[in-house]
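The briefing below accompanies a single protein chain and is arranged by topic. Please read it with the sequence and the structure in view.

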Amino acid sequence: VLDEPTIGLHPRDNAALLKTLIALRDQGNSLIIVEHDEDTIAAADHLIDLGPGAGRLGGEIVYQGKPPEVASVKCSVFSEEKKNKNKRKASSLKTGNFDLANSPTYRALSAVIHHPIRGSRREVKKDHPCITLADCVANNLKNITASFPLGRLTVLTGISGSGKSSLMHSCVAALFKNEAKTTRVKKSNLPFGKTTGEKAIKACFEVDQSPIGKTSRSCPATYVKVFDHIRALFAQLPEARMRGFDASRFSFNTEGGRCPECKGNGRVKIEMDFLPSTWVHCESCNGQRYNPATLEVTFRQKNIGQVLAMTIDEASAFFESQPRISHPLKLMADTGLGYLQLGQASPTLSGGEAQRIKLVSELTKGRGTRATLNNAHFQTRNLYLIEEPTVGLHLEDVQRLIDVLHRLVDEGHTVIVIEHHMAVAAEADWILDIGPEAGEAGGRIIAEGPPEKIAKSKISRTAPFLKTALRL
């Protein structure tokens, strides 16, 4: 049983992995694989597609049977005859009780994406302002000079182990950590030499897949700050003002309005001597987190406990008349997180879900006047370092993620992404391809420029796959 074995693998290595999996099958073994990768799906003998949505909107088998033929999927372990079969329309593909028109996976596989999705790329001219680090020698990097265009989406590509993470974390991130504490760290201790362009960056953020909160009371609504606005809204209601309730009354982190039995968790933790602790439904508040007096205050016939039980999609529509609340919720829904509950405990979120919530949080901070970028002036904005944000994402969610990345850049920020997914690489304004191989055989910049230029490289291991994604 394998859970997403292609995570962290370059497309070139996927073919080798598939051949290994097929060899295991041919030896009489049974393999069950959870996977979003197109080639792995196409190579399966039997496909089980779950959905149609996520969370409470999923949990059903929407298709089961042989993987349908899709012309857009070009698996390197298939014969040319199988590669060239024509795509059939989803509406006509019915197998038993299943209709592929209901399968989000089939829709994503069969949809032809033309990159760039927005029709054009942001231009990077020769004199474009950049963050430049010279003589990078972290780990296997071979004394390279790397430049990252300001106000653009840059994607680092290359074979797994080629030096992408070393460049991003050990050099770029280290530069800005050093800038923040220059009195304590000498530049000579850093794995790079002369740098330029870093003064144009206000702050650097590494947006990883670590949890957004460790406590059981932390939730998406509190992380993106919409719960502050929700509490303020409830405090302004006539019923609340008549009773003297302020915004703190509607917090589940402080005493006064929360349920005294579960202390605002909606669940009670049961400690067990020889088994792990477990959580049970709070009978006192029926899982609604608050005491009866607080729950009597309603907005559009919903109390604060019922609001926290809403999904992000439901809450976005419910608070449509409140832009400060609905806008961040709409952004989260746009990234495919609409199935999450507003009050869902943060420790239950996956790494990919946490990472997308962080991206949305940064987007909500950046609302306002867009930065202007030219040779004479660059308004200081943030730098975001993101490593493999497509991990664990369905093909449809990858497109939503791409939109979020573009929105960050539209706000004037600089975004650097490490990614093996060619749909993301094909959307880049600028690519740095590291390699050519892994370990000591890597650590060099093989090609740099817009995706169309990288796709023409004769020595880049990424070029053939990028060329396919761009349909050149």
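This is a predicted model: local features need pLDDT of at least 70, side-chain atom pairs count only at pLDDT 80 or more; totals for chains, interfaces and linings use all residues.

**A lysine, a sheet and its enclosed strand**

Lys358 is located in helix H13, which spans residues 351–365.

**Lys358**

- With a relative accessible area of 11%, Lys358 counts as buried, because the cut-off for that class is under 20%.
- When neighbours within four places in sequence are left aside, the contacts of Lys358 are Val207, Asp208, Gln209, Ser210, Pro211, Ile212 and Tyr223.

**Strand S17 and its partners**

- Strand S16 (residues 381–387) and strand S17 (residues 414–418) run parallel and are joined by five bridges; Leu385 stands opposite Ile416 of S17, while Tyr384 has Val415 as its bridge partner in S17.
- The chain passes from S16 through H14 to S17 in a β-α-β crossover that is right-handed.
- S9 likewise runs parallel to S17, to which it is joined by four bridges, and Thr154 stands opposite Ile416 in S17.

**Burial of S17**

- Five of the five residues of S17 are buried, so this strand is largely enclosed by the rest of the structure.
- In a regular strand, side chains alternate between the two faces of the sheet.
- Both faces of S17 are covered, with Thr414, Ile416 and Ile418 buried on one side and Val415 and Val417 buried on the other.

**The protein as a whole**

- The protein has 17 helices and 19 strands, and buried residues account for 49% of its 472 residues.
- Of the contacts between residues at least 6 apart in sequence, 65% join residues at least 24 apart.
- The accessible surface of the protein is about 22900 Å², and carbon and sulfur atoms contribute 50% of it.

How values were computed
Residues are numbered from 1 along each chain as its sequence is written. Side-chain values use heavy atoms; hydrogens and water are left out. Helices (H or I, at least four residues) and strands (E, at least two) are DSSP runs, numbered from the N terminus. Buried means under 20% relative accessible area, exposed over 50%, partly exposed in between (1.4 Å probe, protein chains only). Contact means heavy atoms within 4.5 Å. Accessible areas come from the Shrake-Rupley method with a 1.4 Å probe; for residues, only the protein chains shown count as cover. Two strands pair if DSSP finds at least two bridges between them. A crossover is right-handed if, with the strands pointing away from the viewer, the path from the first strand over the helix to the second runs clockwise.
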